[in-house]
Amino acid sequence: MATQQEGHSDGGPPAALWVLLSSFSFALMGLCIKQVGQRIPVAEVVLARSIVSLALSAWLLQQARVSPWGQRRGLLMWRGVVGTFALFCVFGALAGLPLGPATVLQYLNPTFTALLAWLCLGEVFTLRVALAVLLGWLGVVVLMDPLELAVGLDGLPLQPVLLGLGGAFLSAVAYVSVRALGRSEHPLVVVFYFPLMSLPLTLPWVLAHPVTPSLEELFWLVGVGVFTQLGQIGITKGLIGLPAARATAIGYVQVPIAAVLGVLVLGEEIPAHLLLAAALVLASTLLSLRRTAPGPTG
């Protein structure tokens with residue numbers, strides 16, 4: 001089977017644009033979670049996301065006239081299970097931390113992704129990608145304000161910090177799985193298996209401790225599902241069209257987006273180091289967007 005040209009997923013927009021759309025969607029997802037995370041349990045948020053995503057995925061597959069079951073069903077189910085536990089961690093961190101720090105912790109995942117893609121998929125870890133990852137990581141460190149962090153580390157609750165780190169690692173595992181699945185599966189099938197696995201995994205937890213959402217909370221829960229779905233479609237198409245390390249390095253742009261949303265919507269103070277962090281992340285993104293010159297190895 002012919003492989004897709006790097007930089008394009010399926011003849012649509014370039015893969016890098018899909019990753020940028022994914023970053024913006026995930027930032028909006030985080031904003032929605034912040035609106036419900038203090039009262040609605042994490043499992044219920046994941047379940048709501050699964051219901052909305054499953055319905056949207058089934059409709060999109062029907063419109064595209066694509067069979068939902070795929071070819072490598074074992075790996076598809078594995079991606080769904082790992083992605084579900086990654087969501088638990090990410091949503092838990094978002095509920096327990098300010099939007100900025102929670103997003104920063106999540107974006108430690110490109111380092112894990114690059115290493116796993118190198119070890120499991122044999123993808124080349126080029127100097128340019130390494131520099132992009134380093135710049136992006138430096139950007140998120142600056143955004144955290146290391147001097148303030150050194151003084152106030154005890155102010156960050158340990159459990160959501162650990163959840164954020166766990167979410168970053170599990171997200172990297174899921175991204176590498178998506179990259180492997182891109183060789184045989186339609187992007188919508190990969191996205192479909194995510195809620196297909198997460199719904200039965202979360203339903204028993206919710207039934208054990210149900211919390212009835214208010215009308216406003218229900219609105220935000222639907223928002224979580226919609227924006228997570230858009231984010232998953234974007235990152236899946238991006239990972240199919242780009243090496244995993246490059247795609248996740250581009251995704252660093254979510255960090256300044258989340259910081260700006262925190263300022264504009266949640267009323268958080270504007271940090272003095274935001275512009276420097278945004279510049280570093282932008283440099284990482286632009287470096288990742290540059291196409292690799294064709295060489296003898298293809």
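View 1. Ser 22 lies in helix H1; helices (H or I, at least four residues) and strands (E, at least two) are DSSP runs, numbered from the N terminus. This is a predicted model, where local features need pLDDT of at least 70 and side-chain atom pairs count only at pLDDT 80 or more, while totals for chains, interfaces and linings use all residues. Residues are numbered from 1 along each chain as its sequence is written, and side-chain values use heavy atoms, with hydrogens and water left out. With a relative accessibility of 2%, Ser 22 counts as buried (buried means under 20% relative accessible area, exposed over 50%, partly exposed in between, with a 1.4 Å probe and protein chains only). Setting aside residues up to four places away in sequence, Ser 22 touches Gly 231, Gly 234 and Ile 235; contact here means heavy atoms within 4.5 Å. Ser 22 and Gln 229 sit 207 residues apart in sequence, yet their C-alpha atoms are 9.1 Å apart in space.

**View 2. The whole chain, for orientation.** The chain has 13 helices and zero strands. Of its 298 residues, 53% count as buried. Take the contacts between residues at least 6 apart in sequence: 92% of them join residues at least 24 apart.

**View 3. H2 against H3.** Two packed helices are described by the angle between their axes and the distance between the axes. For helix H2 (residues 42-64) and helix H3 (residues 73-96), the axes come within 9 Å and cross at roughly 120°. Axes are lines fitted to C-alpha atoms, for helices over the stretch in contact, and angles run from 0 to 180 degrees between N-to-C directions. H2 and H3 are therefore oblique to each other: angles under 35 degrees count as roughly parallel, over 145 as roughly antiparallel, 65 to 115 as roughly perpendicular and the rest as oblique. On the H2 side, Val 42, Ala 43, Val 45, Val 46 and Arg 49 meet Leu 87, Phe 88, Phe 91 and Gly 92 of H3. Sorted by class, the H2 and H3 contact has seven nonpolar, one polar and one charged residues. Here Ala, Val, Leu, Ile, Met, Phe, Trp, Tyr, Cys and Pro count as nonpolar, Asp, Glu, Lys and Arg as charged, and the others, Gly among them, as polar.

View 4. Arg 65 is found in the loop between H2 and H3. Its phi is near 55°, a positive value in a residue other than glycine. Most residues other than glycine have a negative phi. At 80% relative accessibility, Arg 65 counts as exposed.

**View 5. Phe 91 and Val 45 in the nonpolar core.** In the largest nonpolar core, which has 78 residues, Val 45 and Phe 91 touch the most other members. Such a core is a set of buried Ala, Val, Leu, Ile, Met, Phe, Trp, Tyr and Cys residues joined through side-chain atoms within 4.5 Å. Helix H1 (residues 15-36) supplies the largest share of this core, eleven residues. Leaving out neighbours within four places in sequence, Phe 91 is in contact with Met 29, Ile 33, Val 42, Val 45, Val 46, Val 224 and Thr 228.

**View 6. Thr 202, tucked into H9.** Thr 202 belongs to helix H9 (residues 187-208). Its relative accessibility is 0%, so Thr 202 counts as buried. Beyond residues up to four places away in sequence, Thr 202 touches Ala 43, Val 46, Leu 47, Thr 84 and Phe 88.

**View 7. H2 against H10.** The axes of H2 and H10 come within 8 Å and cross at roughly 55°, which makes H2 oblique to H10. This crossing is right-handed as well. Among the residues in contact are Val 45, Arg 49 and Val 52 of H2, along with Val 224, Thr 228 and Gln 229 of H10. By class, the contact of H2 with H10 has ten nonpolar, six polar and one charged residues.

Note on methods
Left-handed = near helix turned anticlockwise from the far one by under 90°.
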